[in-house]
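The sequence and model are shown first.

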Amino acid sequence: IINVDWYFQLHWMDRARAALDNDFHVVVAMNCTDSRVVKDIEDSGIRVINYDIDRKGLNPFSELRSIIQLYSIVRTEKPDLIHAVTVKPNLYGSLVSMLQKVPYVCSVTGLGYAFSSGSMKAGFLRIVIRAMYRVITSANNCRILFENYDDISTLVDSGAVPADKAIRIPGAGVDCMTYHYSHEPEVVPVRILCAARMLYDKGIVEIVEASRQLSSN
């Protein structure tokens, strides 16, 4: 269960293919926004279910409708394991998994706006998200995967996730067949590329400040 098709294609296709190669049957439920992306995913042998989830929406009625739809999807598919990725799929997928007694894994790929912003709305969302994580981690058949220690500390130290259910994996990995190792350049100045979307919470402010400091030395 994941929020949107392009994100799955960009970040999770390799892991889904690896599951297929190990004789898993993979079905992905997500918001389908681009027919070309969906076709590429399906051509890989992955079955796609359009799941009406708005990754930024906060309308309680729309969110309840998303949970009900997901409940129906899981009841129909009868999966052996649910793997949810990103905040809303983690919370909604886990709730549905608990109700239908299906083992589940949640991947925390970042804590998002609720934990990066200091606004009142973000503060309210933090309270809700922590409370929901306490609920979904009360089941014995769940694990929460993290990619960095800061996210683990944030949720474990606040009591939202039990330490024995928090597992850190060493990042998402790099395809070494596509990205080859190279030595650091000896020429000066070194050119650095920041591969990120132009959003504050992606570290753009920090990269600009780092650039200023390096340029002043």
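S35 lies in helix α3, which covers residues 35–43; helices (H or I, at least four residues) and strands (E, at least two) are DSSP runs numbered from the N terminus. With a relative accessibility of 62%, S35 is classed as exposed, where exposed means over 50% relative accessible area, buried under 20% and partly exposed in between (1.4 Å probe, protein chains only).

The model is predicted: local features need pLDDT of at least 70, and side-chain atom pairs count only at pLDDT 80 or more, whereas totals for chains, interfaces and linings use all residues. Residues are numbered from 1 along each chain as its sequence is written, and side-chain values use heavy atoms, with hydrogens and water left out.

**Overall architecture**

The chain contains nine helices and six strands. Its C-alpha trace spans about 60 × 45 × 35 Å along the principal axes. Of the 217 residues in the chain, 33% are buried.

**Helix α4**

Helix α4 consists of 18 residues, and the distance from its first C-alpha to its last is 26 Å, close to the 26 Å expected at 1.5 Å a residue. The expected span is 1.5 Å times one less than the number of residues. E63, S66, L70, I73 and V74 are the buried residues named in α4. They lie on the same side of α4 because they cover an arc of only 95° around the axis, the arc being that of the directions from the helix axis to the C-beta atoms. An α-helix has 3.6 residues a turn, so residues three or four places apart point the same way. On the face turned away from the buried side, α4 carries the exposed residues F61, I68 and T76.

**Pockets and cavity**

Spaces were located on a 1 Å grid over the protein atoms alone: a cavity is a set of points where a 1.4 Å probe fits but cannot get out, while a pocket is an open set with protein on both sides within 12 Å along at least five of seven lines; lining residues have an atom within 4 Å of a point. Grid points are joined across faces, edges and corners, and a volume is the space filled by probe spheres set on the points. For the lining classes, Ala, Val, Leu, Ile, Met, Phe, Trp, Tyr, Cys and Pro count as nonpolar, Asp, Glu, Lys and Arg as charged, and the others, Gly among them, as polar.

| Space | Volume | Lining by class |
|---|---|---|
| Largest pocket | about 2,000 Å³ | 25 nonpolar, 11 polar, 12 charged residues |
| Second largest pocket | about 930 Å³ | 21 nonpolar, two polar, five charged residues |
| Largest cavity | about 40 Å³ | six nonpolar, five polar, no charged residues |

The largest pocket has 48 lining residues, and Y7, T86, T109, R197 and K202 lie nearest its centre. Helices α1 (5–11), α2 (13–21), α5 (87–100), α6 (113–116) and α7 (120–136) each supply at least two residues of this lining. The greatest contribution comes from α7, with six residues.

The second largest pocket is lined by 28 residues, of which H25, V26, V27, L81 and H83 lie nearest its centre. Two or more residues of this lining come from each of α2, β1 (27–30), β2 (47–50), α4 (60–77) and β3 (82–85).

The whole structure has one cavity of 30 Å³ or more. Among the residues lining the largest cavity are T86, V87, N90, T109, F115 and Y133. Elements α5, β4 (104–108) and α7 each supply at least two residues of its lining.

**Backbone and cysteines**

Most residues other than glycine have a negative phi. T86, which is not a glycine, has a positive phi of about 80°. T86 lies in the loop between β3 and α5 and is buried, with a relative accessible area of 11%. A positive phi, near 70°, also occurs at D23. D23 is placed in the loop between α2 and β1 and is exposed, with a relative accessible area of 74%.

A search of the whole structure finds zero disulfides, a disulfide being a pair of cysteine sulfur atoms within 2.5 Å. C176 is exposed, with a relative accessible area of 56%, whereas C194 is partly exposed, at 35%.
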